Amino acid sequence: MVGGPGESGSECRGEAPLNVPGQRDSRGQGGDEKSQTLPPSLRMPEGPELHLASQFVNDACRTLVFGGCVEKSSVSRNPEVPFESSAYRISASARGKELRLTLSPLPGAQPPQEPLALVFRFGMSGSFQLVPREELPRHAHLRFYTAPPGRQLALCFVDIRRFGHWDLGGKWQPGRGPCVLQEYEQFRLCPSRENVLRNLSDKAFDRPICEALLDQRFFNGIGNYLRAEILYRLKIPPFEKARSVLEALQQRRPSPELTLSQKIKAKLQNPDLLELCHSVPKEVVQLGRKSRKKKSKATQPSPEDRVEDPPPPSKAPSRARRAKRDLPERTATQRPEATSFQQDPEAPKIPKKGRRKGRQAASGQHRPRKAKADTPSLEPEGTSAS
């Protein structure tokens, strides 16, 4: 396998091993392992997943203060993290298939400590999760705890298959090319893009294009599912020789008769392989952001689910009463004449609203009125209460 610098074997590199041609699908894509990335994904962590993981750490830890020692699981073979501080913050950044975590002590934190940086490579199943301290995931191999008071949380590096790795010092792995996602200008321009085209005599390009795209010296951030999508869109057979595929890019030159807008439109409609190495990971990041927003909205209760207490009865006088109280009293000459039957003293009075006497019972029958002893009955003779 063509590996990145310092990597041996596809599994140690975090890539899925290539299957035989009969086991591959129409896109030339091998079987992907499920991983637990944040946001959750069915793909192995590659450049876009590392980028989304760094955004997750920055968003989740922006207001949190961590404290104490960094705890490593007993089964992990990665190095211990010699860091202890009473109060520090955590930030993250990503480049290709690497993520850098920076621990920055706050002013006055004890013991005095210099900032420490760790560089993570997620392997095949690495991810970061923020959980309550009493609910640690089973495969949390590195844990950072928040400082009291309040409920303690833990930022965990979770790696089920334990191919992930972290290094102290915070330096990116030497030999890796520019990130196809965040350093596209360096990847597109000299020396990176030209470095690919000028070094086609390298042994890496003797291999099929599906393997050459995994070489992190030239395509830092491209992995199994990304190379499959790129080759599918360009209709390139995955086992085509890499050199013959890339040599065609040297002959591709836009017509000098086209205007600048026409050249841009043509490039957007017909991107080449190196341009798709940037645009496809960018699409994955955008989809990851949308799915995260949808899930954050789904966890929030809807207006129908929210049960709010009814407002307490207001003791303040109503607007009509306040307006009537504030108006000056009218004289007899200012009072308008009666214009409706309610203002006519000879008109029958309308009973006030409220509970009427003699309301029908639930059975629909009227209850007979009980006449007082000293009050004659109001009902005419010869009738009975029904």
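Which side chains meet in a salt bridge at 3.9 Å, N to O? They are those of glutamate 98 and arginine 176. By salt bridge I mean a side-chain nitrogen of Lys or Arg within 4 Å of a carboxyl oxygen of Asp or Glu. Glutamate 98 lies in strand S4, and arginine 176 in the loop between strand S9 (165-168) and helix H3 (184-188), so this pair ties together parts that are 78 residues apart in sequence.

Let me state the conventions. This is a predicted model, in which local features need pLDDT of at least 70 and side-chain atom pairs count only at pLDDT 80 or more, whereas totals for chains, interfaces and linings use all residues. Residues are numbered from 1 along each chain as its sequence is written, and side-chain values use heavy atoms, with hydrogens and water left out. Helices (H or I, at least four residues) and strands (E, at least two) are DSSP runs, numbered from the N terminus.

I return to the charged pairs. Glutamate 98 also forms a salt bridge with arginine 121, where the closest N and O atoms are 2.9 Å apart. This pair links distant parts of the chain: glutamate 98 is in strand S4 (residues 98-105) and arginine 121 in strand S5 (residues 116-121), 23 residues apart. Both glutamate 98 and arginine 121 are buried, and arginine 176 is buried as well. Here buried means under 20% relative accessible area, exposed over 50%, and partly exposed in between (1.4 Å probe, protein chains only).

A further salt bridge joins aspartate 215 to arginine 217, with the closest N and O atoms 2.8 Å apart. Aspartate 215 counts as buried because its relative accessibility is 0%, while arginine 217, at 34%, is partly exposed. Elsewhere, salt bridges that share partners join Glu98, Arg121, Asp167 and Arg176 into one network. The search of the whole structure finds 15 salt bridges.

Next, the sheet. Four strands form an open sheet in the order S2-S7-S8-S6, with antiparallel pairing; two strands pair if DSSP finds at least two bridges between them. The edge strands, S2 (71-72) and S6 (126-132), each pair on one side only. Strands S7 (residues 140-145) and S8 (residues 153-159) run antiparallel and are joined by five bridges. Within this pairing, alanine 140 has valine 158 of S8 as its bridge partner.

Turning to the helices, histidine 51 is placed in helix H2 (residues 47-61). Histidine 51 is buried, because its relative accessibility is 12%. Beyond four places in sequence, histidine 51 is in contact (heavy atoms within 4.5 Å) with Ala94, Leu181, Gln182, Val285 and Arg289.

Leucine 276 sits in helix H9 (residues 273-299) and is buried, with a relative accessible area of 4%. Not counting residues up to four places away, leucine 276 touches Ile230, Arg233, Leu234, Pro271 and Pro281. Its C-alpha atom is separated by 9.5 Å from that of valine 180, 96 residues apart along the chain.

I close with confidence. The chain averages a pLDDT (the predictor's confidence in each residue, from 0 to 100) of 74, and 57% of the residues score at least 70. Over residues 6-42 the pLDDT is below 50, and this stretch has 93 contacts in the model beyond near neighbours in sequence. Residues 375-386 also stay under 50, with three contacts beyond four places in sequence. Where pLDDT is low, the predicted coordinates should not be read in detail.
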